[in-house]
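Have a look at the model first, then run through the points below.

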Amino acid sequence: MSATPPRAPAAAPKDVEARQPAPTPVAFPPAALKDECEAILSRYPTRQAALIPILLLAQGHYDNWVSPEVEAGVAEYIGVSDSHVRGVLSFYSMFNLKPAGKHEVWVCRTLTCWLRGAAKLRDTALEKAQAERAGVVGEDGKFLVKNMECLGLCEVAPAVFVDGVAHTNVTNEKLVELMDACE
Ligand code: FES
């Protein structure tokens, strides 16, 4: 009678192998943001309701992007899970989850702007940014061009935001001028 072959050890589940170590949260808020964070919290009924403005503040402070460590620091400060913060960050296109360019150009790609020339504006912005596509920082790290959904300025389309400032009825020449003015 032949012996039963030894059983192979069970393989580790894939999700365990792929799991990243938990990021070490930054101490949030840093001293420079403390007063502003408290002022924001005082305007909302709950800490959780203040999450988006706090994240915007954090992104502005930490070189225009939210790293996993900043995400974890904000989560601790607000009192929610990291995954809750991650869900908000990945839902709203104004947040950057990777190092971003020094300047941001948002081009609206919704119907009214598109019919009024936004596709050409987006191509011009990408060319000036030396970026292969929207959402990818250009070669010199200066610009990040983003496709955005309706920016609420349809009656003065096409609309573009440069570093958070709205510009309306934007022509190709105007966009070049705006980007040239960014240092
Ligand atoms: S469609 Fe572009 S701002 Fe509304």
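Three bridges join strand β3 (residues 160-162) to β4, and the two run antiparallel. Strands pair here if DSSP finds at least two bridges between them. Keep in mind that this is a predicted model: local features need pLDDT of at least 70, side-chain atom pairs count only at pLDDT 80 or more, and totals for chains, interfaces and linings use all residues. Residues are numbered from 1 along each chain as its sequence is written.

**The sheet**
- V160 has H167 in β4 as its bridge partner.
- β3 and β4 belong to an open sheet of four strands with mixed pairing, in the order β2-β1-β3-β4.
- At the edges sit β2 (143-148) and β4 (165-167), each of which pairs on one side only.
- From one strand to the next, the twist averages 20°.
- As background, strands of a sheet pair through backbone hydrogen bonds, either parallel or antiparallel.

**Overall layout**
- The protein chain has eight helices and four strands; helices (H or I, at least four residues) and strands (E, at least two) are DSSP runs, numbered from the N terminus.
- Along the sequence, the pattern reads α-α-α-α-α-β-α-α-β-β-β-α.
- Of the chain's 183 residues, 27% count as buried, with buried meaning that 20 or more other C-beta atoms, placed from the backbone, lie within 10 Å of the residue's own.
- Taking contacts with a separation of 6 or more, 58% are between residues 24 or more positions apart; a contact needs C-beta atoms, placed from the backbone, within 7 Å.

**α2 against α3**
- The axes of α2 (residues 34-42) and α3 (residues 51-61) come within 9 Å and cross at roughly 165°; axes are lines fitted to C-alpha atoms over the stretch in contact, and angles run from 0 to 180 degrees between N-to-C directions.
- That's why α2 and α3 are roughly antiparallel to each other, a label for angles over 145 degrees.
- Here, E36, C37 and I40 in α2 meet P53, I54 and L57 in α3.
- By class, this contact has five nonpolar, no polar and one charged residues; Ala, Val, Leu, Ile, Met, Phe, Trp, Tyr, Cys and Pro count as nonpolar, Asp, Glu, Lys and Arg as charged, and the others, Gly among them, as polar.

**α4 against α5**
- The axes of α4 (residues 68-78) and α5 (residues 82-91) come within 8 Å and cross at roughly 115°.
- E71, A72, V74 and A75 in α4 meet D82, H84, V85, R86 and L89 in α5.
- The residues of this contact divide into five nonpolar, one polar and three charged.

Key:
Angles under 35 degrees count as roughly parallel, over 145 as roughly antiparallel, 65 to 115 as roughly perpendicular and the rest as oblique. Two residues are in contact if their C-beta atoms, placed from the backbone, lie within 7 Å. A residue is buried if 20 or more other C-beta atoms lie within 10 Å of its own, exposed if 12 or fewer, and partly exposed in between; C-beta atoms are placed from the backbone.
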